[in-house]
Protein chains: 2
Amino acid sequence: MNDRSSIRQTATDVTQTLARYLVAARFEDLPAAPREEAARSLLNWMGVAVGGSRHEAVEIALAAVAPFSGPAQATVFGRTERLDIMHAALLNGISSHVFDFDDTDLTTAVHPSAPVVPVLLALAEYREVTGRDFVNAMILGIEAACRVARAVTPTMQAVGWHATGVAGVFGAAVAAGKLLGLDETRMCHAIGLAATQPVGIREMFGSMTKSFHPGRAAQNGMLAALLAEKGYTSSLKGIEAPRGWANVLSTTRDFQVITEGLGTHYEISRNSYKPFACGLVVHPVIDGCIQLRDENKLTAEMIDRIDLAVHPIVLELTANRTPRTGLEGKFSVYYAAAIGIVAGRAGEAQFGEALVRDPVVTGLRDRVETTVDPSLGQDQARVNIKLKDGRVLGRFVEHAVGSVENPMTDARLAAKFIELAEGILPDDRVHRLMTLCRDVERLDDAGDIARAAAG
Amino acid sequence: MNDRSSIRQTATDVTQTLARYLVAARFEDLPAAPREEAARSLLNWMGVAVGGSRHEAVEIALAAVAPFSGPAQATVFGRTERLDIMHAALLNGISSHVFDFDDTDLTTAVHPSAPVVPVLLALAEYREVTGRDFVNAMILGIEAACRVARAVTPTMQAVGWHATGVAGVFGAAVAAGKLLGLDETRMCHAIGLAATQPVGIREMFGSMTKSFHPGRAAQNGMLAALLAEKGYTSSLKGIEAPRGWANVLSTTRDFQVITEGLGTHYEISRNSYKPFACGLVVHPVIDGCIQLRDENKLTAEMIDRIDLAVHPIVLELTANRTPRTGLEGKFSVYYAAAIGIVAGRAGEAQFGEALVRDPVVTGLRDRVETTVDPSLGQDQARVNIKLKDGRVLGRFVEHAVGSVENPMTDARLAAKFIELAEGILPDDRVHRLMTLCRDVERLDDAGDIARAAAG
């Protein structure tokens, strides 16, 4: 039989062991590190959600669902509309992923906040939720999504699934289930209802539907928890059963990573944030170019040529020499290097149509050359800039900014947030929202964050 | 690589060819046979939806989603509640599948009406839809769901997917997209948005989540069409791309069956309806027992023993000798034979707790013996009843009632409808609703059907 049944594997009580931990886990038991990372993840997530809130994909989705929305229970961030909590989670999930600028679990390629945080913020507007409960549920949701994804990485992604949608739905269900106070059996049923609603095939990358995936995963997971809360039944073995999630979606699975060391280390501690609004693979090049620019006050006119040595995947994914749109610019290492020099930054604004066609930028872009060096890591690059005055400037980027080894500082996260939110929210609110995110665990009412993010 | 990429297959323009046909297809071009089958399918579907409307799964789902529902746009059949069209589609999809008594495409195991009809009826209450447009969209939705499922049958089911949810979502998207008047490109995007939202893993069989699958597939497909209508983009190759639906969900695929002969034969013509409220595999046994009972006026007391010769799958799925609940009774060929004799029917009422424990029924059940005969077809059985007076009555069931070769007559469909709907709807409305379903293509406003099904 060509049905993979011969290689089905199962394990005992994966779902129940996970659920038991999730139900019992308390804020009081959390070390400082994951709590601090939760506040950083929340800040980063809110920035990209507000920043993405005017994107065409969000406008269209809102126009499509608004006639069917329930009561105005929750905020669509960066906007004036309010929707029922499930539709708000959908919309906020879309806007937070639409720039491809949200956080990343580098092991699994799950963007962990996008399916989880919209659920929590919507529920925090609907029921009273303390900052402590919010942080606990956020950490646990991310824990579940990343662990379940790791059990099937990299095979599930290779099969063609978008990890953020198909594993993220567990994060949403768990986060919602934790806030709803589900017991162990109901948490299992919520996980099962999540398991049966995976969202996202990779064919959709490059279209609006990519950002639909975390949005719908958020909504599906929330529905799963709401159904389980009322007594809807699914399975106590949704993850590990012979025809459960892991066996159906993947051809390999390592169930142990789902349950080992629960409560002793936290997935959120390995979360990473993008400094640049494009694929991670070109981040080392941009980082190196910006460093040399800032240290030497470089302008495009001073430069004769730029030579880049890069990891092989860079040219597999971003070899476009002549991008014509902002989106194409995100997939051009040549454009990325040039924009690093010309703009000294690479936020969403630097991937707009005007700069992509700017003659200074395109002129420099055409003086960039690349060499593949398989000895380099994915977060490494070598940048050599030959100046017209004969000097040669070199920089080896060992770990690009934003990688786990070289994380974004709080100051850089704040600058990223401000850049994304300003112009959409009034200035005083940008700062108030930033403070609320940082102070989340000290809030009496986490719904304050959501209300402050209204446009 | 263990990622199946080596065996990926694709084909040219499957999604676009299908979409082009769907957009152009007119009611006027439909032969009489599929139109008549659409009316029969609608009648059968409405009966099981009304009949299932008081099931615990429906009560729970309604309690869970009601606080988040939008305006009262559409009827929950058999009930007084009205919800927005997407939630109404979810609930009506659940109630129509919860008895496992709805229609079946025997080739793919897709229950074709459950994800499609709730979408159409909800839209018919929200926008004006003529009976002709309704029938056309229903036939096309079922066409798409069954063809896409056939392309990956039986491998996709063996992988562990519930065909009704993961292929049914295409039916829902297409049916909605047709009523919304999508052009070819938008129909492709709707199909792509459906492709990325498959619902249902087989682990959920036996729990309430099985009936959630067609309900959520209906809702997902409707959302797909509504998003595409407003311009949300997905892919023009959602079905056939290397990381599209067919390659991600299955390990084999035959794309030709999706596009060959479109408009010359109709999937709905092969639709089948269950006379008995249990798995199809025990239908031949029940049919034979009821025939012998009616012809010989048998009672349990007259019978010494019953010997059944059955297809091997019967004992794989329904070998439970001592069922204790109604649901277990549906998975017991011994109970099925006994109930056929004692009740002379096997509707939902005959799988209730009281009859399962009734001493006359259990006494007869314990006098049933089975033999596997691999030469029999799945719709065949041999029933031999030895009476206490020494006589032996035999019956070979060549094609069980409800099979494609021996379809339910209109009279049997009507009787099934009445049995399911009476007690839930007032008697005069049972008959009015039956008439509306039969006359669907002559209605000026197909929404009349939905309104007549309110409880």
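Into which domains is chain A divided? I found domain 1 (5-273 + 424-452) and domain 2 (280-397). The bounds come from an automatic or database domain assignment.

I noted the ground rules. Residues are numbered from 1 along each chain as its sequence is written, and chains are lettered from A, ligands numbered from 1, in the order in which they are written. The model is predicted, so local features need pLDDT of at least 70 and side-chain atom pairs pLDDT 80 or more, while totals for chains, interfaces and linings use all residues.

**Domain spacing.** I took the centres over C-alpha atoms: domain 1 and domain 2 of chain A are 34 Å apart.

**Contact between A and B.** I counted 56 residues from chain A and 56 residues from chain B. Contact means C-beta atoms, placed from the backbone, within 7 Å. On the chain A side, the helices that each supply at least two residues include α3 (56-65), α4 (85-97) and α10 (184-195). α11(A) gives the most, with seven residues. Helices here are DSSP runs (H or I, at least four residues), and strands are E runs of at least two, numbered from the N terminus. The chain A side divides into 24 nonpolar, 22 polar and ten charged residues. Gly counts as polar; Asp, Glu, Lys and Arg count as charged.

**Strands in chain B.** I call strands paired when DSSP finds at least two bridges between them. β5 (residues 303-310) and β7 (residues 381-387) of chain B run antiparallel, joined by seven bridges. Ala309(B) stands opposite Arg382(B). β7(B) also runs antiparallel to β8 (residues 392-397) of chain B, through six bridges. Here Ala381(B) faces Val397(B). β7(B) and β8(B) form a hairpin with four residues between them. In the turn, Gly390(B) has a positive phi of about 100 degrees.

Conventions
Contact = placed C-beta atoms within 7 Å.
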